[in-house]
Amino acid sequence: MTVKWTILIVLFLITGAVLVQACKKSGDGGAQTKPISFDIPAGWPAPHYNFSGNPLTQQGFELGRKLFYDGRLSKDGNFPCASCHQQFAAFSTFDHPLSHGFGDQFTTRNAPGLYNIAWQPQTHWDGGITNLEVQPLAPLTAPNEMAEDLNNVLNKLRADASYPALFKAAFGDENVTSQRMLWALTQFVGTMISADSKYDRVKKGSASFTPDEQTGYMLFQSKCSSCHTEPLFTDNSFRNTGIPVDPTIKDYGRMRITRLPADSLKFKVPSLRNVAVTAPYGHDGRFLSMSQVMEHYNSGVENGPTTDPLVKNKIPLSINDKFYLLAFLRTLTDSTFIKDSRFSQP
Amino acid sequence: MNQKPNRLPLKLFVPVLLLCAATFTGCQKDVKNELKGSETNLTIRFTPVVQYDSVRMYFDTTTYTNRWSESFIVKNFKFYIRAIRVTNTTTNQGFEIDVTKYYLVDFRDSASALVKIGVLPGTYNRLSFILGVDSTHNVSGAQTDALDPTHGMFWTWTTGYIFAKLEGTSPSSTAAGNMFMYHVGGFKQGEDANKEIQLFFPYNTGVTVSNGKNTVIDVTADVYDWFGTPHDIKIAQKPTLMTPGAMALQVADNYSKMFTVMGVKIE
């Protein structure tokens, strides 16, 4: 009798242990996964997305990286995330006012650079996405972007020779689910931190501005930093900067999300980090150079009912001001980030 | 876990029970429809109907005519429910299932129209649930089970769930392919389309849920109610609805009256 109970209890303990282990694997990646730390640069605020529900691991990150560069996430195989988010352009689209999508279509907006987006409370020019994990669903399913169906993507990944094993390595078993795919992409994109520009090194005391850059920095602080607030160079607000609506695109920005007329023509203030490599500029890429953007603030602002009070009287910028500002803005380029092999095509 | 801890010697009972509890707690995310010991099975069986509960609705092949004399064919009909509760209004006793548990009733997938829950045995005369998704779950990122975005009930251009979806074609529609599409959602203040649905049983009866039996409550969902009372929704005027806001609130008002308890079966 005693023997029988002992066996039963031992079996019980084993079952329990196995179950607990199984849970660990599906919950946080299992014993074999290698955690990655998410290091907040000195002086930065806490990120909006902090990975507390999506523990960062090397395996999850690498899966996300492969997915980011994989054309099979799109309908015809030609449009991986990376087609509109190119590393050398700080993950914006080089030289394209509007990004291109499935079937030779334009999208309606300029692809934003991807860096420090864990600090963005909302993504997209209109702030429509409030949780980073679900952002990939937008380009993936938009008919003029990747034009795919979520279930089709998952089926392609399930049928692939390598993905199930990568999902297992990252999440404990071979189940290819939407949540795991989105978590992995979030691990990759959400850890793209750009904080090693000359500006950052100056702040740390390991480099110094030239006199031109220093003059530009002073001008920047007096004329630009109310919206492009340091250290992220955006205050994450939505503003109408006096850019009139394009009559062919008819994009009224934030109003589409809030349905409030007060938000008509408001778009997210973009970060100016890496600005020198992310041309063209503006939500629809209508400004081809930084000089054109500055001239817009100097002379081009068109006032309407929702134009931001900070720009409605324009921002006078002399030729000299622009020269110095350009010198400063170029110090925001993070050449380490745009060459970082962790984020390059695997 | 088929073992029966109550047959173990008493001194071993506690540690084994703790192990069980720990195991289940650790696995909570994976456990579907958790039943506590004394709960018993209750099934809510949803059936799509038209013409004020008189006719079973079928997809694709049958043409129906709404109160505005607009003929239409239904291609999709689905909605989320949560916070299911049974109450006895005389004794004021009730039982509510885990409020974080969501069910997607998709009439294209007949299994999903059987919502199986566990409730405490008792006599109840009111069934209620909320049609919609609460604000927290709208913004909680990549989710699973009923809230998996693969179910096509998640907006991609703005973060949030579609609470209820009715799609089809109608010659009255001016949209591409004569389609009409009503996607109702919205959780922000002023746009909250969540609806608490309170249902009584026919002829002031109720339902007695007993141990060892599966009790089935038959509930119909009438497509016709989407188009009127209190708000006039005409396919000709507005064939597509794909954003939260004023019209979504109107359609939600309308469809909040689409449910009727037709009867109870004890199996």
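In chain A, 21 residues of domain 1 are in contact with 23 residues of domain 2, two residues being in contact if their C-beta atoms, placed from the backbone, lie within 7 Å. On the side of domain 1 of chain A that touches domain 2 of chain A, the residues divide into 9 nonpolar, 10 polar and 2 charged; Ala, Val, Leu, Ile, Met, Phe, Trp, Tyr, Cys and Pro count as nonpolar, Asp, Glu, Lys and Arg as charged, and the others, Gly among them, as polar. The assignment places domain 1 of chain A at 58-194 and domain 2 at 198-330, with bounds that come from an automatic or database domain assignment. A distance of 27 Å separates the C-alpha centres of the two domains of chain A.

The model is predicted: local features need pLDDT of at least 70, side-chain atom pairs count only at pLDDT 80 or more, and totals for chains, interfaces and linings use all residues. Residues are numbered from 1 along each chain as its sequence is written, while chains are lettered from A and ligands numbered from 1 in the order in which they are written.

Chain A has 11 helices and 4 strands, whereas chain B has 3 helices and 17 strands; helices (H or I, at least four residues) and strands (E, at least two) are DSSP runs, numbered from the N terminus. Of the 346 residues in chain A, 44% are buried, that is, with 20 or more other C-beta atoms, placed from the backbone, within 10 Å of their own. The corresponding share of the 267 residues in chain B is 35%. Among contacts with a separation of 6 or more, residues 24 or more positions apart account for 67% in chain A and 73% in chain B.

Helix 2 (residues 58-68) of chain A packs against two further helices of chain A. Its axis and that of helix 6 (residues 178-190) of chain A come within 7 Å and cross at roughly 95°, the axes being lines fitted to C-alpha atoms over the stretch in contact and angles running from 0 to 180 degrees between N-to-C directions. Helix 2 and helix 6 of chain A are therefore roughly perpendicular, a term covering 65 to 115 degrees. Residues of this contact include F61(A) and F68(A) of helix 2 and W183(A) and F188(A) of helix 6; by class, the contact has 10 nonpolar, 3 polar and 1 charged residues.

The axes of helix 2 and helix 5 (residues 163-171) of chain A come within 8 Å and cross at roughly 145°. Here Q59(A), G60(A), L63(A) and K66(A) of helix 2 meet L166(A), F167(A), A169(A) and A170(A) of helix 5, giving 5 nonpolar, 2 polar and 1 charged residues.

How values were computed: Parallel < 35°, antiparallel > 145°, perpendicular 65-115°, else oblique. Buried ≥ 20, exposed ≤ 12 C-beta atoms within 10 Å, placed from the backbone.
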